[in-house]
Amino acid sequence: MDRAYQRTRILTNHLIPNSPAQTVCLTSNECLSYSPPELSEKYAFDVGEMRRLMDGHDVEERDRLFGLIIQSKLFNPRVRGGKVFVSPDYNQSMEQQREMTWKRIEYLSERGVFRGWMTGKGEDVEMKRFACFEVLGLFDHSISIKLGVHFFLWGGAIQFFGTKHHHDKWLRDTENYLIKGCFAMTELGHGSNVRGIETVTTYDSNTGEFIINTPCESAQKYWIGGAAKHATHTIVFSQLNINGTNEGVHALIAQIRDADGNVCPNIRIADCGHKIGLNGVDNGRIWFDNVRVPRENLLNSVADVSPDGKYLSSIKDPDQRFAAFLSPLTAGRVNIAVNAVYQSKVGLAIAIRYALTRRAFSLKANEPEVLLLDYPSHQRRLLPLLAKIYAMSFAANYLKMLYVKRTPQSNKTIHVVSSSFKATITWSNMQILQECREACGGQGLKTENRVGHLKAEHDVQSTFEGDNNILMQQVSKALFAEYVAAQKRNKVFKGLGLEHMNKPCPVIPSQLTSTTLRCSQFQMDALCLRERELLNRFVADVSQCLARGESKEHSFNTNYQLAEDLGKAFSDQAIFQTFVEAEATLAAGSLKDVLGMVRSLYALTCLEDVTYLRYGYLSVDNAAAVRGEITKLCSELRPHALALVSSFGIPDAFLSPIAFNWVDANSWSSVQH
């Protein structure tokens, strides 16, 4: 009431001026000054050890690449508030941004950063490549996408779909950038539905050539990264028509520019134009007017055409053959998911550091204003997101290892997990960046402070390499198929993390105490319960539709909302499992204690999901207990906030002025400079 009365008095004095005799003399307040949070915030654990746990691998290689970027003028270094920051100049035109992206790639290539990326073998090479992508993505999304198209999509297609003569001819030149590749799958009329693409390829047995044709405007290749300006070659996905029979989607290599950058005959290329982000990537459109390519340009590890025009494939099932042609997209999804984690780290590091130095309002007269992060509401906004990104860091590390250790038997698991994690992590990235932008107030709008602009740059992640909503439906369909197969075999569940279905159904206590809520076994049980019950419900509802004679496709579409809930439940449980496994590697001590609190905050944030009330897994009272415990955990983690973001290992130069001395960065002297 005292506070309300004081505010009322202030407003009254504004609206009804006092008489001169009552006027109070104004005195100047002491000016605000910046105080580094390191002076008041103590580290209770070893941030270097936490960073090694989170990054998971190649810490030294990451730091070497950070150094290469910081020391070069090509990466737009600028001094603000006495510190050097690097980030692209987004005030440049689209053409200038593209040119700078290419110059940076040349700089990195000359310094051997890409050595072994296409010709090297083994898990270490692949993990090092992931680490480099993560660092480069922290600087600029355009450079990571430009490299991803060239190495993961173009190069990956040759590695996966090609055979030895393709590898010998193309991979080393790809690694050395003697050729510049792109990946022509998406069309104006077909994006997620790759099976429906309209580009057509036929075979001329008289000349031993394939003929690629764009039969209509909706068949033009669209959004092809690198096509508008730099790419010399592309992987073309098209319907392969042999002797009047459509054999489905296949991939061929076609040259689209000569060594001098001139567009090849019978090929037309147009620019996709300016975008809301990623303007350093030259997305283009391609039309093929009866373009002839040699027979050996068919990537033939899955299927081939003999010199006399006979179609040959050891995979007789068209569905399995089509699935084999989508394998390069798995690498892309892994890369996108991991990249999104690191963008969220940038946003959170900036917003939390700012909240540890920016003050607003005094609780009592003549007292200092309060730090933003000392407000429970601000803690509630940012710290659950911090816990989420810790969980997703461990999930990303698990996904990378799953991918590099891939076998033919694990392909289905990799597809399901990468689809699930890609959707969940990129959606979370958008949520986190938006909250961080708002938590920084007006400063979050400035491009130089990165957070707001990162949101625009990464918005595309929700739809490229698979629309997130469709990916989540694929996850639910895969779980449905696994469930039905287990029932038919009358065997236990094995695979896709469904082994918990073989155990008795967990029971949530009628009254949840703080001790129970913070117990990792309870948290796992609650997440498994939701997945289990939603899968049972989804199978039952789809089966009812099938029993009424509806098609499988219609049955799935009818139950799309349940499918979305199930996909999220699968993802949350799988991500939590990776957190528990990472925590289990630590010896007892302060690091494990703090990480345990972070794990509990992540788990309880998952339990706040509306499905727990919608389907009755939590009572209203228990949902309130979860909410109250989250508030307590936020308060307990507040003293560790700086240490937790410092453990990201992101150099100061990759953050922004408001993460440090934002007073000096905005001073008049900085304007004059």
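## Close-up views of a predicted model

**View 1. Tyr-390 and its surroundings in the nonpolar core.** Beyond its neighbours within four places in sequence, Tyr-390 is in contact (heavy atoms within 4.5 Å) with Met-50, Met-54, Phe-579, Leu-595, Val-598, Leu-644, Ser-647 and Phe-648. The model is predicted, so local features need pLDDT of at least 70 and side-chain atom pairs count only at pLDDT 80 or more, whereas totals for chains, interfaces and linings use all residues. Residues are numbered from 1 along each chain as its sequence is written, and side-chain values use heavy atoms, with hydrogens and water left out. Buried denotes a relative accessible area under 20%, exposed over 50% and partly exposed in between (1.4 Å probe, protein chains only).

**View 2. The aromatic pair of Phe-480 and Phe-556.** The ring centres lie 5.2 Å apart and the planes stand at 85°, so the arrangement is edge-to-face. Rings of Phe, Tyr and Trp (its six-membered ring) pair if their centres lie within 6.5 Å; planes under 30 degrees apart count as stacked, over 60 as edge-to-face and the rest as tilted. Phe-480 belongs to helix H13 (residues 468-489) and Phe-556 to helix H16 (residues 552-558), so the pair ties together parts 76 residues apart in sequence. Helices (H or I, at least four residues) and strands (E, at least two) are DSSP runs, numbered from the N terminus. Phe-480 is buried at 6% relative accessibility, and Phe-556 is buried at 8%.

**View 3. An aromatic cluster and charges over rings.** The whole structure contains 28 aromatic pairs. One cluster is formed by Trp-102, Phe-114, Trp-117, Phe-130, Phe-133, Phe-151, Phe-152, Tyr-177 and Tyr-403. Arg-406 lies over the face of Tyr-403, 4.2 Å from the ring centre. Lys-345 is placed over the face of Tyr-342, at 4.0 Å from the ring centre. A charge sits over a ring if NZ of Lys or CZ of Arg is within 6 Å of the ring centre and within 35 degrees of the ring normal.

**View 4. Strands E3, E7 and E8.** Strand E3 (residues 181-184) is covered on both faces, with Gly-181 and Phe-183 buried on one side and Cys-182 and Ala-184 buried on the other. E3 runs parallel to strand E7 (residues 233-242), joined by 4 bridges; pairing requires at least two DSSP bridges between the strands. Phe-183 stands opposite Ile-235 in E7. E7 in turn pairs with E8 in the antiparallel sense over 9 bridges, and Ile-242 faces Thr-245 in E8. The hairpin of E7 and E8 has 2 residues between the strands, and Asn-243 takes a positive phi near 50°. Of the 11 residues in E8 (residues 245-255), 8 are buried.

**View 5. An open sheet of 3 strands.** The strand order is E6-E10-E9, with antiparallel pairing. Strands E6 (221-225) and E9 (267-271) stand at the edges with a single partner each, so one side of each is left without a neighbour in the sheet. E9 and E10 (residues 283-288) are joined by 5 bridges, with Arg-268 opposite Trp-287 in E10.

**View 6. Gly-81 in the loop between strands E1 and E2.** The loop joins E1 (77-80) and E2 (83-86). Gly-81 is partly exposed, with a relative accessible area of 22%. Apart from neighbours within four places in sequence, Gly-81 is in contact with Asn-661, Asp-664 and Ala-665.

How values were computed: A nonpolar core is a set of buried Ala, Val, Leu, Ile, Met, Phe, Trp, Tyr and Cys residues joined through side-chain atoms within 4.5 Å.
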